[in-house]
Amino acid sequence: MNIRPRRNRKSAVIRGMIEETRLSTKDFIFPLFVIEGTNQKEEVASMPGIYRHSTDLLLKEVEECLTLGIKAFDLFPAYPESKKDKMATESHNPDTFYLKAINKVKTTFPEACIMTDVAMDPYSSDGHDGIVKDGNILNDETLEVLAKMAIAQANAGADILGPSDMMDGRVGFLREALDNVGHTEVSIMSYTAKYASAFYNPFRDALDSAPKAGDKKTYQMDPANLHEALIEAELDEAEGADFLMVKPALAYLDVIRLLKENTNLPIAAYNVSGEYSMIKAAHQKGWLDGERAMLESLLSIKRAGANIILSYFAKEFAKLQG
Ligand SMILES: NCc1[nH]cc(CCC(=O)O)c1CC(=O)O
Ligand SMILES: [Mg+2]
């Protein structure tokens, strides 16, 4: 034997030098849940360690994360049922707490990068990402609502908008709507390949946003499909997306790799709520080492080709870098 791969594994120093993939706090976007009120901090039952914050406490959380090196945040609002309707009207009410929270965070911490979510579900009495009519999700009518909320979020100070709804044509529609009102600098991170996944349930608990009837399979992608993601990617790129996202991440590492190899745009991956919760739950049961499982899964997402990772583990990861 003149070739022994184990020689390159013999010490921590050598292993460190030949590491092909390295995670950095700069890779992360930290999703945060926002609720109305003051001095509110509620743990999400199915996401240990993750909270819904009122704006005042959200500012403290953002400040702490900035100190740890996390500079990018994705804000999601949780609304009570009383604020929801079929048309998601509250999403573009200029006085709504979510838009005010975006503005407050951005003006308090101008150095932070603030991403927001463009989709109807947190404000929809149907719990769907689009307008529901006779059990169908209307595509083109939904685009008008998305454009209103996108402009409202851009006006509030969002740096990056994240359309997470999977309506066809929305990236181009939003790009034009934003440009028409002068928001040419606001970026779009498209949820390009978003699958109809079982791993979103804890998020829907956090937002109380589960569909009231039916599922999301007529707009979110079928987990069986890989190449269909390329169709979505080509369209989003042509429509002016600045970043392409794959979601979820761990069960879709092949999709991350495929998109990475087929675009020059940066690729983001969303390490979703269920991926977080299953590691936390197994750790709580003593069935695996949660910290190692976290690091290994985050590493796999980057190794697959993601430039950016949206993850509920972001803060925990940053703390470990210490
Ligand atoms: N527009 C909805 C939206 N935006 C982000 C997530 C999921 C995020 C997560 O699970 O962490 C979802 C859930 C869904 O599509 O039902
Ligand atoms: Mg699409």
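The legends below describe close-up views of a predicted model.

View 1. Phe28 belongs to strand 1, which covers residues 28-35. With 25 other C-beta atoms within 10 Å, Phe28 is buried, because the count needed is 20 or more. Not counting residues up to four places away in sequence, the residues that Phe28 touches are Ile70, Ala72, Ile309, Ser311, Ala314 and Phe317. Asn307 lies 279 residues from Phe28 along the chain, and the C-alpha atoms of the two are separated by 9.0 Å.

View 2. Helix 4 is made of 18 residues, 139-156. At 1.5 Å a residue it should span 26 Å, and the 26 Å between its end C-alpha atoms agrees with this. The buried residues of helix 4 are Thr142, Leu143, Val145, Leu146, Ala147, Met149, Ala150, Ile151, Ala152, Gln153, Ala154 and Ala156. They pack against two helices, helix 3 (97-108) and helix 5 (170-180). They also pack against strand 5 (113-118), strand 6 (131-133), strand 7 (136-138) and strand 8 (160-163). Just after helix 4 comes Gly157, with a positive phi of about 120°.

**View 3. Crossing of helix 4 and helix 5.** The two axes come within 9 Å and cross at roughly 50°. Helix 4 and helix 5 are therefore oblique to each other, and the crossing is right-handed. On helix 4 the contact is made by Leu143, Leu146, Ala147, Ala150, Ile151 and Ala154. An α-helix has 3.6 residues a turn, so residues three or four places apart point the same way. Helix 5 contributes Arg170, Phe173, Leu174, Ala177 and Leu178 to the contact. By class, the residues of this contact are ten nonpolar, no polar and one charged.

**View 4. Crossing of helix 9 and helix 10.** The crossing of helix 9 and helix 10 is right-handed. Glu275, Ile279, Lys280 and His283 of helix 9 meet Gly290, Ala293, Met294 and Ser297 of helix 10. The residues of the contact of helix 9 with helix 10 comprise three nonpolar, three polar and two charged.

Methods
Residues numbered from 1 in each chain as written. Chains lettered and ligands numbered in written order. Predicted model: local features only at pLDDT ≥ 70, side-chain atom pairs only at ≥ 80, totals over all residues. Helix = DSSP H or I, 4+ residues; strand = E, 2+ residues; numbered from the N terminus. Buried ≥ 20, exposed ≤ 12 C-beta atoms within 10 Å, placed from the backbone. Contact = placed C-beta atoms within 7 Å. Expected span 1.5 Å × (residues − 1). Left-handed = near helix turned anticlockwise from the far one by under 90°. Nonpolar A, V, L, I, M, F, W, Y, C, P; charged D, E, K, R; others polar. Axes fitted to C-alpha atoms, helices over the stretch in contact; angles between N-to-C directions. Parallel < 35°, antiparallel > 145°, perpendicular 65-115°, else oblique.
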